[in-house]
Amino acid sequence: MTRYKLQQLDGVECSVLWVEKNMSIPLNPDNTDYQEYLAWLAEGNTPLPADDPAT
Amino acid sequence: MSTLRVSNLQNESSSNNQIVLGTDGFATVNGVAMPTAGPLSNRNLIINGAMQVAQRGTSSTTNGYGTVDRYKASYSGGTVTQTQTAITSGDPYDEGFRYVLRLTNTTANTGASANRVITQKIEAQNIANSGWNYTSSTSYVTLSFWVRASVAQTYYVNLKTSDGTSQNYSTSFALSADTWTKVTKKIPGSSNVAFDNNNEQGLQVHFVVFRGTDSTTSGHTLDTWAAYSGSDIVPDMTNTWANTTDATFDITGVQLEVGSVATPFEHRSYGDELARCQRYYQHFATDTANAVYLGMGIASGSTSARMFMPISVAMRTTPSITENGASADDQIDSTYALSSPSVIGSTASTVRVQFTTSGMTGGRPLQLQVGTGESITLSAEL
């Protein structure tokens, strides 16, 4: 199961959803959840795309 | 200039030594150790040292932050339950403590990669601005705490720095079974230690109940700073506690202060400690049958609600947000269940969040609410 899903606001990526925890993580390098997401990305993982805003 | 050389001072009508000038160079007044460095108030660099605040709940099997605020109870292998447990007697109770953080070893495991560790992470700027001349080997901080375990053995505590080249300082304490012990450790500075003046992780204080051999060595040197190595954090450990099902480990009264003596624990009010904890975590819920309102917003369309939440304590950084059953009330037609929170902005006093919903009328103002059993949490933990 993919752990993260991108989130957008008006078509611009604004945060990442930790799916299992229903936790939205801001794109802020001081946020330790975001640091964990970046480490997950660095391992070669890929998040789910953001929902299509038109739907 | 003359020097008065005495050991004790008494009132002429008293037989009690009200001021004692110890051979170790430290002074006590009416039995209370006086600080050797640092401020007279706000001495404790540990937050929630008396285990009073537990916003997340009082019992959890979570591996990480789960009960008592600011303490991360980590484990690998087997299972552990962490609890905020009330105490009603004993030495720490007599000193004004009413709660402990307890680890219970619900499923034993002594594997090489197993561990059971309680950690508090301290912001770098809190150490940088503490008054500790941490690069000097003659400047000290003192760590003190009350601890009790159901299993007699030697346990460890280690301090880990994050800035520059990460450093590690470990020390031991031996406990008798089911016996409260006040542990006091004087820790010097080191020229290799660094703390940036920022809001990031600075010093980690780890109480090591067990570590398997993946992170220990037989030749580990205690009571000195050394470059941190994940395979050499503490010495090889006795595994009796980890191998005992339902073994317990209780800790409270944790204090880290500048200076070379342990002064009495700095008891703070619940409100003071809660505010300090809320810099890192805030939990919004209702403990009544009535919903509580947390913020205002607008329906930006039929499926999107954009909300502002005011927060009373500025958080360390932009928080992550978790939603468990919140809803939006337009005060006209209905309430709308919310899902998929998305942080879209934050200031020191507000968080802006977008939620997904359905059936709303775009442009209507909304109230953000949580009812019984529902919650919204904000986390800016280290």
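Which strands of chain B pair in the antiparallel sense over nine bridges? Here is a short tour that starts with that pair.

1. **Ground rules.** This is a predicted model, in which local features need pLDDT of at least 70 and side-chain atom pairs count only at pLDDT 80 or more, while totals for chains, interfaces and linings use all residues. Residues are numbered from 1 along each chain as its sequence is written, chains are lettered from A and ligands numbered from 1 in the order in which they are written, and side-chain values use heavy atoms, with hydrogens and water left out.

2. **The opening pair.** The strands are β10 (residues 115-123) and β15 of chain B, which are antiparallel and share nine bridges. Two strands count as paired if DSSP finds at least two bridges between them. Strands themselves are DSSP runs of E with at least two residues, helices are runs of H or I with at least four, and both are numbered from the N terminus. Within this pair, B:E123 sits opposite B:Q201 of β15(B).

3. **A strand that is well covered.** In β15 (residues 201-211) of chain B, 10 of the 11 residues are buried, so the strand is largely enclosed by the rest of the structure. Buried means under 20% relative accessible area, exposed means over 50%, and partly exposed lies in between (1.4 Å probe, protein chains only). β15(B) also pairs with β12 (residues 153-161) of chain B, again in the antiparallel sense, over six bridges. Here B:V157 faces B:F207 of β15(B), and B:K160 stands opposite B:Q204.

4. Eight bridges link β12(B) to β13 (residues 167-175) of chain B, and the two run antiparallel. B:L159 has B:Y169 as its bridge partner in β13(B). Five residues lie between the strands of this hairpin, where B:G164 takes a positive phi near 65°. When you look along such strands, remember that in a regular strand the side chains alternate between the two faces of the sheet.

5. **The cores.** A nonpolar core is a set of buried Ala, Val, Leu, Ile, Met, Phe, Trp, Tyr and Cys residues joined through side-chain atoms within 4.5 Å. The largest has 43 residues, of which B:L143 and B:F249 touch the most other members. A second, separate core has 24 residues, including B:M307, B:A328, B:Y336 and B:A380. Not counting residues up to four places away in sequence, B:L143 touches several residues, among them B:V157, B:L159, B:V205 and B:F207. Contact here means heavy atoms within 4.5 Å.

6. Six strands form an open, antiparallel sheet in the order β1(A)-β2(A)-β3(A)-β23(B)-β29(B)-β20(B). The edge strands are β1 (4-9) of chain A and β20 (281-285) of chain B, each pairing on one side only. The twist averages 25° from one strand to the next; axes are lines fitted to C-alpha atoms, for helices over the stretch in contact, and angles run from 0 to 180 degrees between N-to-C directions. On the chain A side, β2 (residues 12-18) and β3 (residues 23-26) are antiparallel and joined by four bridges, with A:W18 opposite A:M23.

7. **One residue in β1(A).** A:K5 belongs to strand β1 of chain A. A:K5 and A:T46 are 41 residues apart in sequence and 8.9 Å apart in space, C-alpha to C-alpha. Beyond its neighbours within four places in sequence, A:K5 is in contact with residues including A:V16, A:L17, A:P47 and A:D51.

8. **A helix with a covered side.** In α3 (residues 270-278) of chain B, B:E273, B:C277 and B:Q278 are buried. They cover an arc of only 135° around the axis, which puts them on the same side of α3(B); the arc is that of the directions from the helix axis to the C-beta atoms. Part of the cover over the buried residues of α3(B) comes from β20 of chain B.

9. **Chain B as a whole.** Chain B contains three helices and 29 strands. Of its 382 residues, 50% count as buried. Among contacts in chain B between residues at least 6 apart in sequence, 73% join residues at least 24 apart. The C-alpha atoms of chain B fill a box of roughly 80 × 55 × 45 Å, taken along the principal axes.
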